[in-house]
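Biologist: I am new to this structure. Please show me how to read a few of its side-chain features.

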Amino acid sequence: MSTRLSIISTRTGDDGTTGLGDGSRLPKTAPLIHALGDVDELNSHIGVLRSMTLPEDIDTLLSDIQHDLFDMGAELCIPGHQVIGSAHVERLDQAIRHYNEPLGILQEFILPGGSPAAAQAHVLRCVARRAERSVIAVPSEALPQDGPRLYLNRLSDLLFILARTLNRHAGRSDVLWTPKRNAPDQD
């Protein structure tokens, strides 16, 4: 791989714009730039989770997801470039089936928490949902393909399942929501 960046601080963004992969520039407030930032943040949070002790299969899965998200960033950054497709979404669907099967049917709503790794996976789920909303907000002429939106939707589901799986791995139970807990007495 050749050197891609020789200067990190270019000062070209000082005017409130940022460059895309094709050399065009957009305001930093543009929906596409928000989507890029949210996907990048999601990838960074996955890095935090991967810094924890995880089962090897989950760490490998998360590594693959990080690479997919980096590819998604390229797809968002280069108009007309398509990387994330149905095969990526199907891989997430397979992981959802694999990790969900031993968990059984949910009987209660689950609160974020449990082990540190599970709590981080819940944060990731929320960040993935935000990234999905950001991608949906990008005008269709700027992002005509469905791959990123579908991928992020499946990823948030998978992250919820991984949070539950990581709690089980740590010997912890899910944190269950108790309705009307400490509700004031009604007259």
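Modeller: Gladly. Keep in mind that this is a predicted model. Start with exposure: Phe 109 has 61% relative accessibility. The cut-off for exposed is over 50%, so Phe 109 counts as exposed.

Biologist: Which aromatic residue pairs with Phe 109?

Modeller: Trp 177 does. The ring centres are 5.7 Å apart and the planes stand at 70 degrees. Planes over 60 degrees apart count as edge-to-face, so this pair is edge-to-face. Phe 109 sits in the loop between H3 and strand E3, and Trp 177 in the segment after strand E4, 68 residues apart. Trp 177 is partly exposed, at 38%. The count of aromatic pairs is one.

Biologist: How should I read salt bridges?

Modeller: Side chains of opposite charge can pair when their charged atoms come close. Here the count is 11 salt bridges. One of them joins Arg 91 and Asp 68, at 2.5 Å from N to O. That pair links helix H3 to helix H2, across 23 residues.

Biologist: Is Asp 68 buried or exposed?

Modeller: Buried, with a relative accessible area of 6%.

Biologist: Which residues form a network of salt bridges?

Modeller: Asp 38, Glu 41 and Arg 130 are linked that way. Elsewhere, Arg 97 bridges to Glu 90, with the closest N and O atoms 2.9 Å apart.

Key. Residues numbered from 1 in each chain as written. Predicted model: local features only at pLDDT ≥ 70, side-chain atom pairs only at ≥ 80, totals over all residues. Heavy atoms only, no water. Phe/Tyr/Trp six-rings, centres within 6.5 Å; stacked < 30°, edge-to-face > 60°. Helix = DSSP H or I, 4+ residues; strand = E, 2+ residues; numbered from the N terminus. Buried < 20%, exposed > 50% of the residue type's maximum accessible area, 1.4 Å probe, protein only. Salt bridge = Lys/Arg side-chain N within 4 Å of Asp/Glu carboxyl O.
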